[in-house]
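These are my notebook entries on one structure. I record what I looked up and how I read each value.

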Amino acid sequence: MQSTPVTLDSVSESGWKRLRLFNYYRSTLALLFLTLALNGWTTYLTRPEFFNGELFLIAAMAYVALSVVYILTIYQHQPSLHTQLMVQIGSDIFIILALTYALGGMRSGLGTLLIINISFTSLFLPLRTTLVFAAVTTIGLIMTQMWTVISLPGIQAHFTQTGLL
């Protein structure tokens, strides 16, 4: 049995394919958030006094717009795969944190979506870079939860849940 040698081109094409597949997931998620915001279905996700509708709509629209831009850059293969990964994962973290805050913090459950993004990062990037993204995400979650507790009177602090995530 003869194995075919792995070339840089085949690894690169495999990377672009995986990034394209992850972008399908991102686009579907962004469209789901936008649909929830535009139809007023977000009231089923959290209590109205904890919901920031304007922030949720802006973040959902930004997520859809970024997904479209990412589709174009992925098909053009510009900038490099590594650069696109860094930018896309960073923007995913930021937008999901904004959506989490808009729905009232960790009680919304949106923070768990960040696990998927960090797991995806580990497929492409070295362990050290993945750990940096995980640390930034953890700090972002804790700061988001702190800001939620400070800015929304009457909300319970879920720091244990945040720390476990």
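**Entry 1: a definition before starting.** I call a residue buried when its relative accessible area is under 20%, exposed when that area is over 50%, and partly exposed in between. I note also that the model is predicted. V149 has 27% relative accessibility, so I count V149 as partly exposed.

**Entry 2: overall layout.** I looked up the elements and found six helices and zero strands in the chain. Read from the N terminus, their order is α-α-α-α-α-α. The chain has 165 residues, of which 39% count as buried.

**Entry 3: helix α5.** I checked the length of α5, which covers residues 127–151. Its 25 residues, at 1.5 Å a residue, should span 36 Å, and the C-alpha atoms at its ends are 36 Å apart, so the two values agree. I then listed the buried residues of α5: T130, F133, T137, G140, L141, T144, Q145 and T148.

**Entry 4: helix α3 and what follows.** I repeated the length check on α3, residues 81–102. This helix has 22 residues and reaches 31 Å from its first C-alpha to its last, close to the expected 32 Å. How many of the residues of α3 are buried? I found 16 of the 22, so the helix is largely enclosed by the rest of the structure. Just after α3, I noted that G104 takes a positive phi of about 100°. I also looked up the separation of G104 and V149: the two are 45 residues apart in sequence, and their C-alpha atoms are 9.0 Å apart in space.

**Entry 5: the salt bridge.** Side chains of opposite charge can pair when their charged atoms come close. I found one salt bridge in the structure. D92 forms this bridge with R26, and the closest N and O atoms are 2.9 Å apart. Since D92 lies in helix α3 and R26 in helix α1, the pair ties together parts that are 66 residues apart in sequence. Are these two residues buried or exposed? D92 has 0% relative accessibility and so counts as buried. R26, with a relative accessible area of 1%, is buried too.

**Entry 6: aromatic rings.** A pair of aromatic rings is described by the distance of the centres and the angle of the planes. I found four aromatic pairs in the structure. In one of them, F22 and Y25, the ring centres are 5.3 Å apart and the planes stand at 40°, so I record the pair as tilted. F22 and Y25 are three residues apart in helix α1, so about one helical turn separates them. F22 is buried because its relative accessible area is 7%, whereas Y25, at 25%, is partly exposed.

F22 also pairs with F120; this pair is stacked, with 3.9 Å from centre to centre and 10° between the planes. F22 lies in helix α1 and F120 in helix α4 (residues 113–124), so this pair ties together parts that are 98 residues apart in sequence. Both F22 and F120 are buried. I then noted that F22, Y25, F120 and F124 form one aromatic cluster. The charged end of R18 sits over the ring of F124, 4.7 Å from the centre of that ring.

**Entry 7: a nonpolar patch on the surface.** I looked up which residues form the patch and found L21, Y24, I71 and Y75, with about 390 Å² of accessible area together. Helices α1 (8–39) and α2 (53–76) are the elements that give two or more residues to this patch. Y75 lies in helix α2. Its relative accessibility is 49%, so Y75 counts as partly exposed.

**Entry 8: the loop between α2 and α3.** Most residues other than glycine have a negative phi, and most peptide bonds are trans. Against this background I examined H77, whose place is in the loop between α2 and α3. H77 is not a glycine, yet it has a positive phi of about 60°. With 26% relative accessibility, H77 counts as partly exposed. P79 is found in the loop between α2 and α3 as well. Which kind of peptide bond joins Q78 and P79? I found a cis bond, with omega at about -10°.

Technical notes
Residues numbered from 1 in each chain as written. Predicted model: local features only at pLDDT ≥ 70, side-chain atom pairs only at ≥ 80, totals over all residues. Heavy atoms only, no water. Helix = DSSP H or I, 4+ residues; strand = E, 2+ residues; numbered from the N terminus. Expected span 1.5 Å × (residues − 1). Buried < 20%, exposed > 50% of the residue type's maximum accessible area, 1.4 Å probe, protein only. Patch = residues over 30% accessible without salt bridge, like charges linked within 9 Å, V, L, I, M, F, W, Y side chains within 5 Å. Areas by Shrake-Rupley, 256 points an atom, 1.4 Å probe, with all protein chains shown as cover. Salt bridge = Lys/Arg side-chain N within 4 Å of Asp/Glu carboxyl O. Phe/Tyr/Trp six-rings, centres within 6.5 Å; stacked < 30°, edge-to-face > 60°. Lys NZ or Arg CZ within 6 Å of the ring centre and 35° of its normal.
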